[in-house]
Amino acid sequence: MMSKSNSRSRLVKFVAIGFAVVLALTALVTFSSYMYTRNNTTIMNIADNIAGVYSGSAARIGPLNSNQHLNVLITLGYRNDQQLQSFLSALQNPQSPLYHKYLTAQQFTNDYSPSASAYNTIVNYFSSQGFQITTYNDRVTIALDGTVSQYDSTFHTSIYNMRSTTGRSEFYAPISQVYLPSSFAGEVVGIAGLSNQYRAHFNLNIGPQFTGSGSSEVLYGSDLQVPYQVSQLYQKGYPTSETIATILWGGVDASGNQVGAFVPSDISTYFQQTLPAGEPTPTIIGYPIQGAAPPGSSAANDNTQSNYESTLDLEMVGSMAPGATVVEVYGPGSSNGGTNSELDTALADILSPPTGAPSALNNVVAISNSWGGSDSTDSSWQASEQQAAARGITVLASSGDGGNTGSGSPSFPATVGFNTYGTLAVGGTTTVLSGSPSSDGTGTTGFQTQSVWYNTPQSGDGSQGGVSSVFAEPSWQSGSADANGVITVQGSGRGTPDIAAVGANMNIYITAGGSSGMQELWGTSVASPLAAGVVAVMDSYMGSNLGFMDPLVYKLGQAEVNGQYAGAPPFYFVANGSNGMFSGANGYSLAVGWGSINAYYFVEAASGTTSPPPAATTYAVQFVESGLPSGTSFSVTLNGATSSSGSGTVSFSEVNGSYSFSIGSVSGYTASPSSGTVVVSGSAVSESITFTASSSPPPTATTYAVQFVESGLPSGTSFSVTLNGATSSGSGTVSFSEVNGSYSFSVGSVSGYTASPSSGTVVVSGSAVSESITFTTNSSPPPAASVYSEVNASSSNTQFYTLPGAEEFTVANSVTVNYVVLLLEGSGTIQFSIGNSFQGTGVVGLTNINVNSNSGTYYLVSFPSVTLNGGSNYYLNVYDPNFTGVQWGYTTTSSASVNIGAVQDYWYGVNGNLHHDNSYPDIYTVGYSTTAGASIVHGSSMHTIIGGSVYHIPTESILFHYTLSYPSLKISMSIKSRY
């Protein structure tokens, strides 16, 4: 596992699985035949593979403190073992009537657990030796808590501190054989905890936090909802009834004090920042065992980096399974990892929760393990995995991070694999996603590429796999031609991994080292909890647990290799890259197994159906009030959206999920409930809200004016507003009267205009409310004006642009104007004005023109002399009386480089934006004379208006030509230039 900051900063190595343990326990019990009598009690030697007695070369340091407490787990064998194996086999056979007909915890106990009398006999024996006893309802395990002297006496041995002569590590272990009463022969199959020699470890290498930078793609858990197709399964409902468990251990601070495994607020912050809006937040529970510290802020002081692993696991599971419950079961922390006793006890507590354990453990569907060790056996663990398979619980484990070390050695518990039960081993991939980056997964559209996770030969990190030397190849592997062909090249045992998930460049939110923020990690510790979340969602969607998945995984993988899926297949094969020893493949590989799961098509293939992913289905969510006076409005905020109504019911429409709500205040009344959560799960939801008067008698509802004031419409034009279901109309102002509350409104359409805002919400809170509505013209009617450019007077080449609604010009120096030339076409009357505001107000020059021209005629328009003051803004407006309020004009400025006293330097509109035309350096301006029939000045040339037409000399051209078209009238103005 590697680490980097939220700014996609520095890389930090996180090798989460380097579990260098040798769990010297086996699945089968072989007792020594050696017996002798001590104190009139016949006792029997317990084989080393049952008791975990150290058998290597070590030097004795001295006896372990006799008063030190140890936790030891005793595991008993099952009754009816052959019947159990037959039942487990039938669970995986689609032709069997028992296919996926899982047992409840009580049914399993009734059928296969040791008898109550046998169990109680052993419990009573250890109790008589003075141990504190924890019993389990499934009668499979017994947890002991006692002193070293008690264990020495009970097991007829001595527990010493030892030092290995090879690895120089220190540990404690019995120095002689372990004995129990011979009457227990055939009952006890495992004793874990008399030694701490064999420990589980993660190999973390975390550098400076929250600093640095990197160029690789860094992900949030929610980025993978779409690529793994779990988001499609959410359409049927979020996995709010599912529980996923994780197994780890806590940490210690620099002084060796126990600290919590994680900071709960870190987990909730991660979900708040990264889960898509509307998705339910997972419920996170920490369950410490054997004296471990509870979750809390103390985890930020962890000196062993186990808080990184715990935080990672919980945030990854929850990102894949929003709304699910995630329980982390963890033992006490230490500076050198967790013991087999703690891990075996954690698994036993999940399967048979003792008094005080979280009730959610009664509904576990998947168990994720982000730790590992050397390829070995553990009969206590394996016995628990049999029960998990019988009850439909999927056990997953990361395959390890040492894939490129050259050893090809797989790790426990990923290697546990039998014909009828075992672990789903998860390797790691590196991915590039398609879509756009986002903080909540909403921009992701799928996988662009996937490859084997591998961090160069020097780092020692990569997706670990290989062939077990302890577990034989199970039938579901040997029965797959593709997988068996790969495995048998390397050996004759169980191959790992089985599947893969993202194992690189993952962000988590964590508090550590005095800082809080996003941190980048990598390792198959990322992959296992991601896959566990996917399994829980698939279980929820199917309405039936997948349980021991390995036979199904290999069946579907082989079918995909055989080309049996015409559409999307259940796996994304990973053919790119290698872990330094094994390469990916279009099929099975010892680097990433069958690749990653496409959840939607996996469940389709598992059920034998093929259909496109379902569309999102929405359901009505209604809040029905009682207690308010008739017509009184109330509001509800659901999932961030607020709606109100005076009809007694506020309605929403939502997909499946869990949504929080709050009720808006209503003056004089109290709402119950005032907030809460509604769960949508395949049907409409109705929530009753009761309002109670806060005074007696109930207050009289006070109403306040709600006014909508318009601007932009011609005087006298009517408009309408619908508020809270009632519609009213008027000219200039539309009024309502409402009590306190939040009200939705919409503005009715007015032909030729667009309202802004056209809808929204007003809140009445003890005073009148005024809402401004601005109307702007659109193309029906009047149409927008257009401008085109002619290369010369006779050219037909034109280019049209859209003009703004009105044009403004600024006069740098004072000028007197009393004539202008307009090109007018059509039949009717227009008004032309120069004014200092829009819509004809503040007019300083005004004239009417009667137009009767089919081909367009230049008109010399005169009006009383108008003086335009330098530095002031003016507007040119053209009106058609049939469309009062329509304005037209252009913006200009004055320049000393040409005739003073002329309006000049033309501006024009393109795509709604004003532009100043400086492409022609010699712009000749149009001047205005004070006598009728006078000439229009173009630089040094004069041209006379004759009979309403303008005559052009050959060296001139019409550079800009404005046109405003009405149904029966076309109005144009030209500015001329020479070049």
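Predicted model: local features only at pLDDT ≥ 70, side-chain atom pairs only at ≥ 80, totals over all residues.

Me: Great. Is Ser578 buried or partly exposed?

Reply: Ser578 is partly exposed, because its relative accessibility is 24%. Ser578 sits in strand E32 (residues 574–578). Helices (H or I, at least four residues) and strands (E, at least two) are DSSP runs, numbered from the N terminus.

Me: What does Ser578 touch?

Reply: Leaving aside residues up to four places away in sequence, Ser578 touches Val452, Tyr454, Ser583 and Gly584. Contact here means heavy atoms within 4.5 Å. The Ser578 side chain also reaches the backbone nitrogen of Gly580 at 3.2 Å. That is a polar contact: a pair of N or O atoms within 3.5 Å, where within protein one must be able to donate a hydrogen and the other to accept it, and residues adjacent in sequence count only if both atoms are side-chain atoms.

Me: New topic, the rings. How many aromatic pairs are there?

Reply: The count comes to 34 aromatic pairs. Rings of Phe, Tyr and Trp (its six-membered ring) pair if their centres lie within 6.5 Å; planes under 30 degrees apart count as stacked, over 60 as edge-to-face and the rest as tilted. Phe447 and Tyr572 are edge-to-face, because their planes are at 80°, with ring centres 5.1 Å apart. This pair links distant parts of the chain, with Phe447 in strand E25 (residues 444–452) and Tyr572 in strand E31 (residues 571–572), 125 residues apart.

Me: Which kind of pair do Trp476 and Tyr554 form?

Reply: Trp476 and Tyr554 form a tilted pair, 5.3 Å centre to centre with 50° between the planes. Trp476 belongs to helix H12 (residues 475–478) and Tyr554 to helix H15 (residues 550–561), 78 residues apart. Trp476 is buried at 7% relative accessibility, and Tyr554 is buried at 1%.

Me: Which cluster does Trp476 belong to?

Reply: Ring pairs join Trp476 into a cluster with Phe548, Tyr554, Phe571, Phe573, Tyr588, Trp594 and Phe602.

Me: What lies over the face of Tyr541?

Reply: Lys236 does, at 4.9 Å from the ring centre of Tyr541. For a charge to sit over a ring, NZ of Lys or CZ of Arg must be within 6 Å of the ring centre and within 35 degrees of the ring normal. Arg60 likewise lies over the face of Tyr160, at 5.7 Å from the ring centre.

Me: Switching to sheets: what is the order of the four strands in the open sheet?

Reply: The order is E6-E7-E5-E11, with antiparallel pairing. Two strands pair if DSSP finds at least two bridges between them. Strand E6 (132–135) and strand E11 (188–192) are the edges, each pairing on one side only.

Me: How many bridges join E5 to E7?

Reply: Seven bridges join E5 to E7, and Leu73 stands opposite Ala143 in E7. E5 and E11 pair over four bridges, with Ile191 in E11 as the bridge partner of Ile74.

Me: Why is E5 largely enclosed?

Reply: Six of the eight residues of strand E5 (residues 69–76) are buried, so E5 is largely enclosed by the rest of the structure.

Me: What about phi of His100?

Reply: Phi of His100 is near 55°, a positive value in a residue other than glycine. Most residues other than glycine have a negative phi. His100 is buried, at 16% relative accessible area.

Technical notes:
Residues numbered from 1 in each chain as written. Heavy atoms only, no water. Buried < 20%, exposed > 50% of the residue type's maximum accessible area, 1.4 Å probe, protein only.
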